[in-house]
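Here is a short tour of a model, written to be read alongside the sequence and the coordinates. Keep the viewer open as you go.

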Amino acid sequence: MIPFKNLTKQMVIPKNIYFKLRPLILPVNEILSFIPKRANILDLGCGKGLLLENLKHYTSYTGVDLSTPELETNMTNINFIKGDCVNYINKELEDYDTFLLIDLLHHIKPNQQLIFVQKLLNRMKRNDILIIKDIYPKNILTKFWNAFHDLIISKQLIYYFDFNELFKTISNNSIIIDKFHKRIFLYDHFFLVIKRN
Ligand SMILES: C[S@@+](CC[C@H](N)C(=O)[O-])C[C@H]1O[C@@H](n2cnc3c(N)ncnc32)[C@H](O)[C@@H]1O
């Protein structure tokens, strides 16, 4: 019998298997297509560093996550930091020009989500880019499936981010570069790319 404490633990999937499986449901190429060639990237909620694994052109990469990835690197332009993204964005952000929120928002408490994104946007410099990709179910089946997926994999209840609330508050210091929906199997992805002006 599986001990109860193991049922509540996050499922640990080896990195090489995760890197093969996750792109089957995550539109990695769409995300990469919005990242400028010489980007200084801050990947908030970077997970195991899947984006870095797929990046070809960039100047620097910093990933922040509650559970730091096991990544050995001697590269001075790559950093992984163990930390809470909600606090991390209060730090100095001058060195970054491209901010990624890839499937992070649904892990943040509902009463913090909008404030977190607004604060990040306010702290970004002119021409900086924010790329948000999150799960945004379009019907009851995909809503249930995604919640079930995270309950099994992350052992977490998820909180869907209300993009419409964000649209209402985007001020004239930001431009929406693109926004679109893409479904892969039962995963409803929503993309939002914003540039500070
Ligand atoms: C669904 S995974 C996405 C990982 C990665 N962005 C990717 O697409 O492969 C969500 C990640 O967010 C992290 N996370 C959740 N809440 C966080 C927080 N408040 N601060 C930092 N990381 C957080 C989790 O540890 C997890 O690695």
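Which residue in E3 does Gly63 stand opposite? Gly63 has Phe80 as its counterpart there.

## About the model

This is a predicted model, in which local features need pLDDT of at least 70, side-chain atom pairs count only at pLDDT 80 or more, and totals for chains, interfaces and linings use all residues. Residues are numbered from 1 along each chain as its sequence is written.

The average pLDDT (the predictor's confidence in each residue, from 0 to 100) is 91 for the chain, and 92% of the residues score at least 70. Over residues 1–8 pLDDT stays under 50, and the model has two contacts for them beyond four places in sequence; a contact here puts two C-beta atoms, placed from the backbone, within 7 Å.

## The sheet

Strands (E, at least two residues) and helices (H or I, at least four) are DSSP runs numbered from the N terminus. Seven strands form an open sheet with mixed pairing, in the order E3-E2-E1-E4-E5-E7-E6; two strands pair if DSSP finds at least two bridges between them. Strand E3 (78–82) and strand E6 (174–184) each have a single partner strand, so one side of each lacks a neighbour in the sheet. From one strand to the next, the twist averages 15°, taken between N-to-C directions of lines fitted to C-alpha atoms, on a scale from 0 to 180 degrees.

E2 and E3 run parallel and are joined by five bridges. E1 also pairs with E2 in the parallel sense, over five bridges, and Leu44 stands opposite Val64 in E2. E1 and strand E4 (residues 98–102) run parallel too, with four bridges; Leu42 has Phe99 as its bridge partner in E4.

## Covered and exposed

In strand E1 (residues 40–44), four of the five residues are buried. Buried means 20 or more other C-beta atoms within 10 Å of a residue's own, exposed 12 or fewer, and partly exposed in between, with C-beta atoms placed from the backbone.

Ile184 lies in strand E6 and counts as exposed because it has 12 C-beta neighbours inside 10 Å. Beyond its neighbours within four places in sequence, Ile184 is in contact with Ile25, Pro27 and His189. Ile184 and Leu26 are 158 residues apart in sequence, yet 7.8 Å apart in space, C-alpha to C-alpha.

## Around the ligand

The shell has 18 residues, of which Gly45, Gly47, Cys85, Ile102 and His107 come nearest to the ligand; a residue is near if its C-beta atom, placed from the backbone, lies within 6 Å. Strand E2 (60–65) and helix H5 (85–88) are the elements that give two or more residues to this shell.
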